[in-house]
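Keep the viewer open while you read.

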Amino acid sequence: MFKLSEDQEMIRETARDVAQEVIAPLASDYDKKEEFPWKSVKQLQELGFMSMMVDEKYGGAGLDTVSYALAMEEVSGACASTGVTMSVNNSLYAYPVEKWATEDQIEQFLIPTISEKLGAFALSEPDAGSDPAAMTTKAVKDGDEWVLNGNKMWITNGGAADYYVVFGITDPEAKHRGISTFILKKDDPGFEIGPKESKLGIRASSTTPLTMDDCRVPEDRLLGQLGEGFKIALNTLDGGRIGIASQSLGIGQAAIDAAIEYAKTRQAFGGPIARFQGLQWMIADSTMEIEAARLLTWKASEMKDNGMKYTKEAAMAKLYSSEAAVRAADMSLQIHGGMGYSTDFPIERYYRDAKIGAIYEGTSEILRLVIAREAIGRF
Ligand SMILES: Cc1cc2nc3c(=O)[nH]c(=O)nc-3n(C[C@H](O)[C@H](O)[C@H](O)COP(=O)(O)OP(=O)(O)OC[C@H]3O[C@@H](n4cnc5c(N)ncnc54)[C@H](O)[C@@H]3O)c2cc1C
């Protein structure tokens, strides 16, 4: 736990090299243009980082979750938009497809996303975010086809993916036990990808609504068993939260590094501002918080790798990391003074990017409910 293996250190170094040499120099431009970071994503696909935990027998990198957390942190410190793209493909698409798909579905829908195509995960709807069981998307069997109708919202990789894991109601009477999972292709008839949302942060990532208007797909697009959708969604989100915790670590650490560099060079009252103890304490607090967040994230990752239940640990990791990243970015922007408010320095991007960690894949409030439920139990 406290000492990374040689292989994990190597993954971290490889990720750091590609993040600093290839991804970081492109990040500001992609962000300003709100352009999907294809060059960065392609680079990660070449390295096998878009399917890090997929079994080698399918062409994945077959790595553990700790390695994934390490790579996610490095990539997200360079470009958080690329980070979320990587996280969704690994945790929210490849994971449920590998776990619940038939061999034929793996052939069709998993293998192409290992080095070439992207996947997305469509759970949220305009009126069902924190409460996904309130979804209204319906899937009705018609002969040997499923017909889907409904709207999804806020779907990461929406405009960039070829394949979508989509949740819909197949048995309205059964409440959350009546939700099932489907795999849709971007060119399925009746499936429409809406325009990219303009966002506060992670502006380069593609976030879109999706519409299914009598979208007909063959019956073998059902992923897992009928009625198993809610379980698939929650189990997938446990792993996703490790990815987002790591994304937050990357942003938080990048903000701290930027604060230190700036404080050592900026002069005031006859010397570098880093000599002021008030600023040193701000840096100390964030350094401690991000390190604590990293340990929570690695612990959740290792529990997942050991086949243990890690719902509470993943929720704690994401909640703490995302809130620590917001505080680190705020601290760093403050240390940058007026320059922190300018778009010439990356800190304003870290500041905008940090906030998303506390919203998607379970808001901070919902994660507190998850932690409390796990800690207290049902009574
Ligand atoms: C950039 C971006 C990317 C996203 N990517 C995806 C994706 O790829 N796939 C996907 O399916 N979804 C995605 N989402 C959706 C995201 O998961 C939801 O936005 C999130 O779950 C919150 O849902 P909501 O926006 O409907 O907020 P609401 O559920 O309306 O919540 C509003 C507020 O009420 C609070 N609240 C709600 N219920 C409770 C409660 N019981 N107790 C206390 N407080 C509560 C919330 O914490 C929040 O503060 C994305 C969102 C964004 C912004």
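## Helix packing around α7

Start with the face where α7 meets α10: S248, I251, G252, A254, A255 and A258 sit on the α7 side, and I347, Y350, D353 and A354 on the α10 side. Sorted by class, that contact comes to seven nonpolar, two polar and one charged residues. Bear in mind that this is a predicted model.

As for geometry, helix α7 spans residues 229-265 and helix α10 spans residues 347-354, and their axes come within 10 Å while crossing at roughly 150°. Angles over 145 degrees count as roughly antiparallel, so α7 is roughly antiparallel to α10. The crossing in which α7 passes α10 is left-handed.

α7 has another partner to look at, helix α9 (residues 311-335). Here the axes of α7 and α9 come within 8 Å and cross at roughly 20°. With angles under 35 degrees counted as roughly parallel, that makes α7 roughly parallel to α9. This crossing of α7 and α9 is left-handed too, and the contact has 20 nonpolar, six polar and three charged residues.

## Another pair: α4 and α5

Now move to helix α4 (residues 80-100) and helix α5 (residues 103-110), which pack at an angle of about 160° with axes 9 Å apart. That angle makes α4 roughly antiparallel to α5. α4 passes α5 in a left-handed crossing. On the α4 side the contact is made by A94, V97 and E98, and α5 answers with Q105, I106, F109 and L110. By class, these residues split into five nonpolar, one polar and one charged.

| Helix pair | Crossing angle | Axis distance |
|---|---|---|
| α4 and α5 | about 160° | 9 Å apart |
| α7 and α10 | roughly 150° | within 10 Å |
| α7 and α9 | roughly 20° | within 8 Å |

Zooming out, the protein chain is divided into domain 1 (6-115), domain 2 (119-227) and domain 3 (230-376). The C-alpha centres of domain 1 and domain 3 lie 20 Å apart, and the contact takes 22 residues from domain 1 and 23 residues from domain 3.

Which helices supply the side of domain 1 that touches domain 3? α1 (6-33), α3 (65-78) and α4 each put in at least two residues. Of these, α4 gives the most to that side, with ten residues.

## Around the ligand

Last stop, the ligand. How many residues surround it? The count is 19, and the closest are S124, G129, S130, T156 and T363.

In terms of elements, β1 (119-122), β3 (145-156) and α11 (364-376) each supply at least two residues of the shell around the ligand. The largest share comes from β3, with three residues. Domain 2 (119-227) and domain 3 (230-376) each contribute at least three residues to that shell. Its make-up by class is ten nonpolar, six polar and three charged residues.

Technical notes
Residues are numbered from 1 along each chain as its sequence is written. This is a predicted model: local features need pLDDT of at least 70, side-chain atom pairs count only at pLDDT 80 or more; totals for chains, interfaces and linings use all residues. Axes are lines fitted to C-alpha atoms, for helices over the stretch in contact, and angles run from 0 to 180 degrees between N-to-C directions. Helices (H or I, at least four residues) and strands (E, at least two) are DSSP runs, numbered from the N terminus. Angles under 35 degrees count as roughly parallel, over 145 as roughly antiparallel, 65 to 115 as roughly perpendicular and the rest as oblique. A crossing is left-handed if the near helix is turned anticlockwise from the far one by less than a right angle, and right-handed if clockwise. Two residues are in contact if their C-beta atoms, placed from the backbone, lie within 7 Å. Ala, Val, Leu, Ile, Met, Phe, Trp, Tyr, Cys and Pro count as nonpolar, Asp, Glu, Lys and Arg as charged, and the others, Gly among them, as polar. A residue is near a molecule or strand if its C-beta atom, placed from the backbone, lies within 6 Å of it. Domain bounds come from an automatic or database domain assignment.
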